[in-house]
Amino acid sequence: MTKFMRRAQETGKELAYEAARMALDSCGLRIEDIESVTMGSAPDAFDGVHMKGEYLIDGAGAWRKPYMRNYVGGGTGVFAPIHGWQHVASGLFDTCLVVCEEKMSSCRPHPQAAFLTIFDNFTERPLGPNLVWIFALEMHRYMHVHKIPKEKIAAVSVKNKKNAMDHPCAQLAQKITVEDVLNSEVLVWPVQRLDISPTSDGAAAVVLASEDVARKITDSPVWIDGVGWNLDTAYWTNRDLYYPQYVENAAKMAYQMAGIKNPRQEIDFAEPYDPFDYKELHHMEGLMLCKKGEAPDLVWEGVTQRDGKLPVCPSGGLLGVGNPIAAAGLMKICELFWQLRREAGKRQIPGDPKTAVAQAWGDLMQVGTVVVMRA
Amino acid sequence: MAPRVAVIGVGMTQLRSIAPDLSYKEMMFEAAVKAYNDAGVDPRRDVQSFICSSEDFWEGTSIFDEYVPDQIGASLKPVCTISADGLYSLITAYMQISTGLIDVAAVEAHSKPSEIVSIRNIMSLALDPIYVRPLAADPYFVAGLEMMRYLHESGNTREQCARVVEKNRRNALENPYAAYASQTTAQDVLASEAVCFPLGKMDIAEPADGAAVVVLASEEKAKDFCDDPVWILGLGWCSDTPCLEAREWGEATYAKVAADKTFKMAKDVRPKDLDLLEIDDSFSYKELQHLEAMGFCKEGEAGVLTEKGVTAPDGEIPVNASGGSLGMGYTFEMAGLQRLCETVLQLRNRAGEHQVKNARTGFVQCWRGIPTASGAAMILTSEGS
Amino acid sequence: MKHVKGKMPVNFLYTAGVAGERFLREIKENAKILGVRCRKCDMVHVPPKIYCERCFERLGEWTELASEGQIETFTMCYFDADGNRLAEPEILAVIRLEGANEGIIHRVRKIRDQQVHVGMEVKAVFREKKDRVGSVLDIAYFEPFAR
Amino acid sequence: MSIKIKEYAGTPLREEDLKQGKVLSIGYWPKAKYNWSAGVAIGRYLAELKNARIVGRQCDKCGRTVVPPRMFCEWCFRPNDRWVILKDSGVVNTYSISHIAADATRIKKPLIPTVIQIDGTTDAGILHLVGETDPKKVKFGMKVQAVWKRPEERTGAITDIRYFRPIER
């Protein structure tokens with residue numbers, strides 16, 4: 001992966017190249033060994049290129065190869081390896097290079113402007129909505145239903161920004177307190193400045209291989225044992241936002257495939273999607289890592305710290321490392337890989353983690369994408 | 001041997017130059033209802049995965065994936081978008097079924113260019129922002145450059161390209177789905193105004209609104225649901241360089257590689273075994289270029305074959321008997337899926353007035369349009385059901 | 001209510017990138033066109049990249065190209081990017097500069113005696129230095145020339 | 001291989017680098033204009049807003065009445081059955097207090113974006129604003145009613161409702 005940055009000099013193609021090159025080098029493969037490529041990237045309105053997937057082909061190492069772009073909004077970063085898995089598990093290919101890229105800084109004056117265009121053209125856009133509105137609405141509903149105090153949510157931001165201090169690519173690593181979060185600028189109550197991940201430029205890449213080929217390349221492959229994805233209705237105002245049913249559905253699909261019956265006991269650590277602090281909690285519940293409404297207590301009690309019983313976002317997450325949308329999701333897959341191979345350096349969680357789950361989320365608070373990996 | 005995957009149902013709306021009365025959701029619903037009825041499936045009960053096809057700037061909405069599930073019966077189900085032609089989405093469905101994880105999948109693509117105020121402006125946004133876009137040129141220049149070099153290298157002529165338009169527009173007269181059927185002559189095409197010489201206005205397929213849904217199933221489920229499944233024998237896709245500067249302009253390398261992969265996968269099928277081709281003709285010269293690149297004839301031969309009627313509906317290799325994009329209308333990310341639907345109708349002997357006699361095995365291909373060099377191909381058969 | 005008008009209300013600012021920065025700076029400062037060589041593929045890429053798209057190796061061997069080359073293909077555009085008819089058609093061409101294996105896309109003007117054709121020799125006409133800003137338009141156009 | 005990698009690629013820039021031209025960049029203002037077809041369901045919805053009425057659609061199979069209207073039931077996957085004229089009142093399902101505009105710039109008077117469950121529907125909400133109240137006084141479950149623009153100001157848009165205001169139970 002590349003550094004995650006507020007603004008990168010590199011073009012989107014160059015970011016994609018740096019990540020893809022690193023992924024190939026890390027497993028000693030040449031581009032000729034790659035049989036297929038899949039690209040994950042979020043709205044074209046960030047990079048400012050229509051058919052962005054086509055534009056990125058050469059940087060992603062897909063010259064004259066089978067290449068497609070998958071796209072499920074914010075969920076893309078974890079869907080991309082699922083799409084890559086489909087390439088390999090279908091038997092069509094032995095290898096697939098998965099690349100995710102985002103260059104949000106191209107969008108001016110602020111990438112937020114692009115988010116206006118995700119709303120319904122007839123019933124929502126004329127109201128002048130801001131992206132943060134809908135998350136504030138969801139967060140508030142979640143807080144209301146479970147009577148959650150804001151401090152417990154803020155603790156997620158504190159943890160992740162601290163974890164990110166050990167991540168060499170991090171954009172917003174910092175030591176902050178719960179009070180700092182609660183005192184930060186109110187954007188759309190209950191969302192405050194420090195509840196939010198930044199906008200970023202960056203790319204990440206992973207190489208997938210079939211079982212036979214993987215064993216030839218490395219002695220310590222990390223296996224994709226479960227995949228799941230799910231999309232709820234577009235009529236988001238018609239649902240109860242307090243619980244992400246679509247994440248639960250995606251998780252069930254992935255757990256069933258991975259033979260996981262009791263996720264709370266069988267998952268050693270997790271990288272749920274955390275573009276906002278409350279989302280980490282929301283997603284822990286959707287991933288069935290705890291009961292509904294219980295996640296805020298777990299973070300408050302330190303259970304989700306790196307040395308806790310259930311480490312959550314040991315990477316530093318989107319809140320700390322940064323949020324180049326699709327690349328941020330794939331960063332979580334990278335983290336699972338590094339942690340499960342015990343190569344995460346200062347970020348390494350103690351013990352002997354064997355099974356982990358990564359998840360991303362997107363569209364209009366609608367998509368869940370889940371991958372279970374095992375050492 | 002890998003388990004087989006079949007198309008078990010198709011549904012398509014009638015293509016129209018403009019469909020102002022319906023929203024894209026309502027068009028998708030119509031196509032989905034038709035496809036599920038054709039396949040005999042209940043989407044809420046039987047379909048396990050849905051794959052949609054869109055590009056944000058065609059829609060005017062970012063993250064269009066948000067708006068797809070409800071009208072195709074996919075809410076709270078596995079759904080994803082492939083930012084490409086519907087044929088790519090179909091390939092993704094094929095892969096999903098081949099993994100064993102999914103038994104029945106639905107693929108959707110649609111087209112609503114009548115909502116875009118200026119298609120040229122959107123096309124320009126796909127050009128490289130540093131090296132190409134500053135030239136502020138009509139984006140059709142990409143096709144102009146390619147047509148010029150292709151004719152230069154292959155020896156085919158503008159007249160022969162015009163014959164393709166004549167053939168496809170006339171083929172469309174027999175196709176009730178088509179939006180641009182006409183008694184056009186090659187002379188009309190040559191006399192149409194120049195856009196990016198040698199490309200004239202009538203060399204360009206006109207845009208059309210429409211929606212299509214296709215249902216796929218694993219071998220076991222296909223036999224449960226369907227009496228006349230159409231099997232996918234081979235498929236392939238390829239992207240050549242996106243950089244216009246680095247392109248080999250005369251050759252459609254993406255089509256050649258995709259077709260090679262497709263034939264390699266469909267081991268026993270050779271080009272002469274195919275009963276019909278539905279291939280990209282979004283510009284007149286593209287049909288000729290694609291025929292040559294994919295090995296259906298020698299380089300420089302496609303024009304003559306067209307003149308001789310070899311590619312006519314009653315010819316030796318019927319090409320775009322449906323009318324193709326030139327006759328039916330160009331439907332952007334739906335173009336490949338539209339050709340697939342037409343091919344499936346043909347292979348099931350349900351194409352009506354434009355039925356190709358004894359059509360059993362067909363070939364479908366798409367190109368992603370200006371400024372790309374990406375495309376996919378597929379071979380399907382109704383034999384061996 | 002049948003229709004609602006709307007747009008994608010976004011503006012963009014694109015960085016030239018690592019390779020683009022050097023390429024465009026050289027045009028701006030010195031009116032020189034640079035390519036980058038891939039030894040493995042025995043090719044010179046232009047515009048330059050930090051990588052070879054074919055072999056995916058990192059590239060760093062920059063090389064100066066001639067500002068003359070041949071038209072590989074061309075087209076005559078009768079409309080502008082918005083679809084408005086132009087007073088005079090604009091010729092756009094792919095120009096393979098001497099020493100390069102790829103072609104620059106640019107305008108060709110000042111065609112007088114002969115018809116534009118594939119294989120025609122053309123050379124770059126740069127803007128005055130004071131007018132150059134670090135863009136491909138610092139090359140005003142290409143024009144025919146005789147050796 | 002995190003521990004084996006010494007250096008990660010990426011050249012971070014500051015806003016000044018771009019503004020002062022230390023790094024080359026190119027601006028672009030795309031002309032991306034559309035004329036979206038509202039279709040049958042939203043077409044009628046907007047037309048009725050012009051009449052100061054909120055309409056929904058009802059499905060006989062599951063019995064749900066929903067707004068914004070669509071011509072199909074997404075859960076039953078069938079065409080739904082009839083138009084229903086709804087009240088222009090509802091309850092607050094969830095709300096927020098926005099201090100920023102769509103482009104992330106700060107606004108002086110905060111807005112109250114709210115999901116309002118429209119009376120007569122099956123818990124179906126719409127996104128709109130709550131007004132005529134102190135943001136601190138908004139409550140979950142609070143009853144609100146539409147405040148319409150004057151007839152001559154209405155254009156057949158969601159903004160024909162200026163906002164929803166709290167009403168006594």
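Reader: Which residue of strand S3 of chain B stands opposite A:Tyr71?

Author: In this predicted model, A:Tyr71 faces B:Thr81 in S3(B).

Reader: How many residues of each chain are in contact where chain B meets chain A?

Author: A general remark to begin with. The size of an interface is often given as the accessible area lost when the parts come together. Here we can go by residues in contact: 46 from chain B and 50 from chain A. On the chain B side, two or more residues come from each of helix H2 (56–59), strand S3 (79–82), H3, strand S8 (230–239) and helix H9 (253–265). The element that gives the most is H3(B), with 5 residues.

Reader: And how do the residues of that side of chain B divide into nonpolar, polar and charged?

Author: The side of chain B that touches chain A has 24 nonpolar, 14 polar and 8 charged residues.

Reader: Let me turn to chain B on its own. Into which domains is chain B divided?

Author: Domain 1 of chain B takes in 5–117 + 208–230, and domain 2 takes in 126–205 + 234–381. Each domain is therefore written as two segments of the chain under the domain assignment used. Their C-alpha centres are 23 Å apart, and the contact between them draws 30 residues from domain 1 and 30 residues from domain 2.

Reader: Which elements of domain 1 of chain B supply the side that touches domain 2 of chain B?

Author: Strand S1 (5–12), helix H3 (86–98), S4 and S7 of chain B each supply at least two residues. H3(B) has the largest share of that side, 6 residues. As for composition, the domain 1 side that touches domain 2 has 18 nonpolar, 8 polar and 4 charged residues.

Reader: Which strands are joined to S4(B) by bridges?

Author: Strand S2 (residues 49–53) of chain B runs parallel to S4(B), with 5 bridges between them. A residue pair to look for there is B:Phe50 opposite B:Ala106. Strand S7 (residues 210–218) of chain B runs antiparallel to S4(B), and 8 bridges join these two. In that pairing, B:Ala109 has B:Ala212 as its bridge partner.

Reader: Now a sheet that spans chains. In what order do the strands of chains A and D stand in their open sheet?

Author: The order is S6(A)-S5(A)-S9(D)-S10(D), 4 strands with antiparallel pairing. Strand S6 (191–192) of chain A and strand S10 (106–111) of chain D stand at the edges with a single partner strand each, so one side of each has no neighbour in the sheet. The chains are joined where strand S5 (residues 186–189) of chain A and strand S9 (residues 97–100) of chain D pair over 2 bridges in the antiparallel sense. There, A:Val188 stands opposite D:Ser98. Helix H6 (residues 131–146) of chain A packs on the sheet, where it touches S5 and S6 of chain A and S9 of chain D, and its direction makes about 60° with that of S5(A).

Reader: What radius of gyration does chain D have, and what would a compact globule of 169 residues have?

Author: Chain D has 23 Å, while a compact globule of that number of residues would have a value near 15 Å. The C-alpha trace of chain D spans about 65 × 40 × 40 Å along its principal axes. Its secondary structure consists of 2 helices and 14 strands, and 41% of the 169 residues of chain D count as buried.

Conventions
Residues numbered from 1 in each chain as written. Chains lettered and ligands numbered in written order. Predicted model: local features only at pLDDT ≥ 70, side-chain atom pairs only at ≥ 80, totals over all residues. Pairing = 2+ DSSP bridges. Rg over C-alpha atoms; globule rule 2.2 N^0.38 Å. Buried ≥ 20, exposed ≤ 12 C-beta atoms within 10 Å, placed from the backbone. Contact = placed C-beta atoms within 7 Å. Nonpolar A, V, L, I, M, F, W, Y, C, P; charged D, E, K, R; others polar. Axes fitted to C-alpha atoms, helices over the stretch in contact; angles between N-to-C directions.
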